[in-house]
Amino acid sequence: MSGLCAVSVQRQFDRAAASFDAADFVHAVTRDGLFARLEPMLLDARQVLDLGCATGAALPRLEKRFRRANIVGVDISANMLLKAQARRGWFSRLSFLHGDARALPIADHSVDVVFSNLLLPWIDDPAAIAREVCRVLRKDGLFVFSGLGPDSLRELRAAWGTVDDYAHVNEFPDMHNIGDALVQSGLRDPVLDVDRLQVRYSGSEALFRDLKAAGARNALTAQRKSLTGKQAFGRMQDELWRLAERDSLRLDLELVYGHCWGRGPASAGSDVRIDASAIGIRHR
């Protein structure tokens, strides 16, 4: 699997900040899914992180859900955080932190809830996120997140595969690999489930406009070094239409949701071992 370059990801989301809200409909779907999953949980949270908060669309809802908590939006993109800060009201309890989710400047076991909507697709090592979340979560603190599964954007991947051998579409981690990473980090009782979303476009221009506006450029470190030629791009679009159903282009997205709990500080010399087959999986 090709690695995602953190600097490239930061730059592409800096560029996308101005247009992000107009094309974040997938984020809106998964955001609603995360809040639906939070609804039945009884949580007395005082410190809440929105990890990878982008332009902060989830922050007002987190304030309402956790009325006594301090809410902190964290993102690697300074431009995204500027947009998020513009949402803050006069009496808001929101604060913001510019930083990498894999190395948070936050004290150990100081956070009650980590909320993360579609951050994982932009991290090539889910274990790095899991370890950091495990470090900052208090005992019995909640990590709730969404991501994209490997079936996502398969039409684009297949279309590019007929043109050249370069990686043009990010690869997304399998749900079971995410679960393994959570368990190995020390987080406990992970539960994951998968939903599907199908998006249709009347033309390829609108499809690529939305991908660009949402920051979904190719950020792979092993990507082609020269610009893709118009001829190759045209062949890819022709293949997309060949794969299309009826008169519209289709993109399938595999939406992965999960939650797990903080274990708290480990006892000296402790070694936690959990069989990955014990990870709960809800089928929808």
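Which residues does Leu38 touch, not counting residues up to four places away in sequence?

1. The model is predicted. With those sequence neighbours left out, Leu38 touches Leu43, Arg65, Phe66, Phe115, Leu142 and Val144.

2. Leu38 belongs to the largest nonpolar core, which has 45 residues. Leu38, Phe66, Ile71, Phe115 and Met236 are the members that touch the most others in this core. Strand β7 (residues 249-261) supplies the largest share of the core, 5 residues. Another core, of 28 residues, lies apart from it and includes Leu104, Leu120, Leu182 and Val256. In soluble globular proteins, nonpolar side chains tend to be buried together.

3. Helix α5 (residues 126-136) is largely enclosed by the rest of the structure, because 9 of its 11 residues are buried. The buried positions are Pro126, Ala127, Ala128, Ile129, Ala130, Glu132, Val133, Cys134 and Val136. They pack against β1 (47-51), β4 (111-117), β5 (137-148) and α7 (175-185).

4. Helix α6 (residues 154-161) and helix α9 (residues 230-243) have axes that come within 8 Å and cross at roughly 130°. An angle over 145 degrees would count as roughly antiparallel, and 65 to 115 as roughly perpendicular; α6 and α9 are therefore oblique to each other. Their crossing is right-handed.

5. On the α6 side, the contact is made by Glu155, Leu156, Ala158, Ala159 and Trp160. On the α9 side, Ala232, Phe233, Met236, Glu239, Leu240 and Leu243 take part. By class, the contact of α6 with α9 has 9 nonpolar and 2 charged residues, with no polar ones. Met236, one of the α9 contact residues, is also among the residues that touch the most other members of the largest nonpolar core.

Methods
Residues are numbered from 1 along each chain as its sequence is written. This is a predicted model: local features need pLDDT of at least 70, side-chain atom pairs count only at pLDDT 80 or more; totals for chains, interfaces and linings use all residues. Side-chain values use heavy atoms; hydrogens and water are left out. A nonpolar core is a set of buried Ala, Val, Leu, Ile, Met, Phe, Trp, Tyr and Cys residues joined through side-chain atoms within 4.5 Å. Buried means under 20% relative accessible area, exposed over 50%, partly exposed in between (1.4 Å probe, protein chains only). Helices (H or I, at least four residues) and strands (E, at least two) are DSSP runs, numbered from the N terminus. Contact means heavy atoms within 4.5 Å. Axes are lines fitted to C-alpha atoms, for helices over the stretch in contact, and angles run from 0 to 180 degrees between N-to-C directions. Angles under 35 degrees count as roughly parallel, over 145 as roughly antiparallel, 65 to 115 as roughly perpendicular and the rest as oblique. A crossing is left-handed if the near helix is turned anticlockwise from the far one by less than a right angle, and right-handed if clockwise. Ala, Val, Leu, Ile, Met, Phe, Trp, Tyr, Cys and Pro count as nonpolar, Asp, Glu, Lys and Arg as charged, and the others, Gly among them, as polar.
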